Amino acid sequence: MTFKALVCPALGQDLQIQDIPRQDLTTHQVRIRVSAAGINFADSLLLTGAYQEKLTPPFVPGFELAGEVIEIGKDVVTCKPGDKVLAAVIGGAWGQEAVAHWRDVHVLPDAADMTQAAGFPIAYGTSHLALIKAGLTAGETLVVHGASGGVGLTAVEIGAGLGARVIACASSDDKLKIAIEHGAAIGLDSRSDDLRERIKELTGGKGADLAYDPVGGPAFDCALRSTRPGGRILVIGFASGTVPQIPANILLVKNISVLGFSWNAYRTIDPDAMRRSLADCIDLWTQGRLHPHVSNILPLEQADQALGLLKNRTATGKVILQVAE
Ligand SMILES: NC(=O)c1ccc[n+]([C@@H]2O[C@H](COP(=O)([O-])OP(=O)(O)OC[C@H]3O[C@@H](n4cnc5c(N)ncnc54)[C@H](OP(=O)(O)O)[C@@H]3O)[C@@H](O)[C@H]2O)c1
């Protein structure tokens, strides 16, 4: 038995649709018929060998998907064939079928929108667990850089939901409008020269309590200068392409804590916390308290164009590959 999937034949080479043979499931795995799959910034890194997890070509890329369970391993009790689910995987999402560990599979209500579900796990999972681990509390000021992007927009929404006053930073008025629609109190143009002064002004000269940074480079520098003494910075990613080098003297003088956060790493650090956090997000979504934003839906064959929308910064929220009707 075979299914069609996009395959990376060699690092940096064009993706190809190929027929893939089905593998037997292990006792803990779930086989899913994929409806739609998410695009992540990390896919570009995976496809060039620059991601922290390395896959050896040929491989099927893709970190997240939504679909219907078609088979379960003999020890799986958390879902059954016929269930609508979303799942996170490390490679393997961009095909008609995917296989995931049961821990990374969550059952959805029948009414769930499968396009939104496909882009849900990584963005919401990352921002929810990161903001909880950073101890964000109601009344604090949270600055979100890259606030209209995949993870950034969910940090805005979850931060506001936790009662924080969210200052969103993004590179256009349209992007800031989306961040404000998702709960930001204030939007600031990240291209302006006086970004850090504006954050200081908006916090009565004190600085923000917490900065969420998926961008790196100038955004991290801004975070370092505009976070209050005793505040925290969450290092989420480096979409700018520049990994910040931290002057430790500023951390010392300002008593700032820089918190590294990798959602993937929670599979080993604390898989139960990771599963609970994503389940909480799905509950919030089901209650109508989260509003996943999808800017573009493309067919599976157009994954390269979909990745281009992230690289050229035209996407907002999530870009989704439609796999089945
Ligand atoms: N730590 C984790 O567990 C975790 C989980 C998911 C993602 N990430 C990381 O977080 C980062 C963002 O991922 P994502 O999937 O949310 O990406 P995304 O949807 O493409 O969002 C990235 C945002 O960064 C901003 N940006 C600034 N400079 C950029 C540049 N040179 N190229 C592209 N975007 C730029 C863009 O906003 P403006 O145009 O407004 O500046 C864009 O909205 C990536 O580094 C990714 O690897 C980390």
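1. Helices (H or I, at least four residues) and strands (E, at least two) are taken here as DSSP runs, and they are numbered from the N terminus. With that convention, Asn255 is placed in the loop between α8 (248-254) and β13 (257-260). The model discussed in this note is a predicted one.

2. The domain assignment divides the chain into domain 1, made of 2-120 + 292-322, and domain 2, which covers 123-260. The C-alpha centres of domain 1 and domain 2 are 29 Å apart, and the contact between them takes ten residues from domain 1 and twelve residues from domain 2. Sorted by class, the side of domain 1 that touches domain 2 consists of three nonpolar, five polar and two charged residues.

3. A reader who turns to the strands may begin with β3 (residues 29-39) and β4 (residues 64-72), which pair in the antiparallel sense over seven bridges. Strand β4 also pairs with β5 (residues 84-88), again in the antiparallel sense, over five bridges.

4. Which residues are the closest to the ligand? Of the 29 residues that surround the ligand, the closest are Phe41, Gly146, Gly149, Gly150 and Gly237. The shell around the ligand draws at least three residues from each of domain 1 and domain 2. Among the elements, α1 (41-48), α3 (121-133) and α4 (150-161) each supply at least two residues of this shell, and the largest share, three residues, comes from α4. By class, the shell around the ligand divides into 14 nonpolar, 13 polar and two charged residues.

5. The largest nonpolar core has 103 residues, and those with the most contacts inside this core are Leu65, Ala87, Val144, Ala168 and Leu321. Because domain 1 and domain 2 both give residues to this core, the core lies between them. As a general background, nonpolar side chains tend to be buried together in soluble globular proteins.

6. Once its neighbours within four places in sequence are left aside, Val144 is in contact with Gly152, Ala155, Val156, Gly159, Val166, Ala168, Cys169 and Tyr212.

7. Most residues other than glycine have a negative phi, and most peptide bonds are trans. The peptide bond from Pro57 to Pro58, however, is cis, with omega near -5°, and Pro58 is found in the loop between α1 and β4.

8. Is Asn255 buried or exposed? A residue counts as exposed if 12 or fewer other C-beta atoms lie within 10 Å of its own, and Asn255, with 10 C-beta neighbours inside 10 Å, therefore counts as exposed. The phi of Asn255 is near 55°, a positive value in a residue other than glycine.

9. Arg313 likewise is not a glycine and has a positive phi, here of about 65°, and Arg313 is found in the loop between α11 (303-311) and β15 (318-322). With 15 other C-beta atoms within 10 Å, Arg313 is partly exposed.

Note on methods:
Residues are numbered from 1 along each chain as its sequence is written. This is a predicted model: local features need pLDDT of at least 70, side-chain atom pairs count only at pLDDT 80 or more; totals for chains, interfaces and linings use all residues. Domain bounds come from an automatic or database domain assignment. Two residues are in contact if their C-beta atoms, placed from the backbone, lie within 7 Å. Ala, Val, Leu, Ile, Met, Phe, Trp, Tyr, Cys and Pro count as nonpolar, Asp, Glu, Lys and Arg as charged, and the others, Gly among them, as polar. Two strands pair if DSSP finds at least two bridges between them. A residue is near a molecule or strand if its C-beta atom, placed from the backbone, lies within 6 Å of it. A nonpolar core is a set of buried Ala, Val, Leu, Ile, Met, Phe, Trp, Tyr and Cys residues joined through C-beta atoms within 7 Å. A residue is buried if 20 or more other C-beta atoms lie within 10 Å of its own, exposed if 12 or fewer, and partly exposed in between; C-beta atoms are placed from the backbone.
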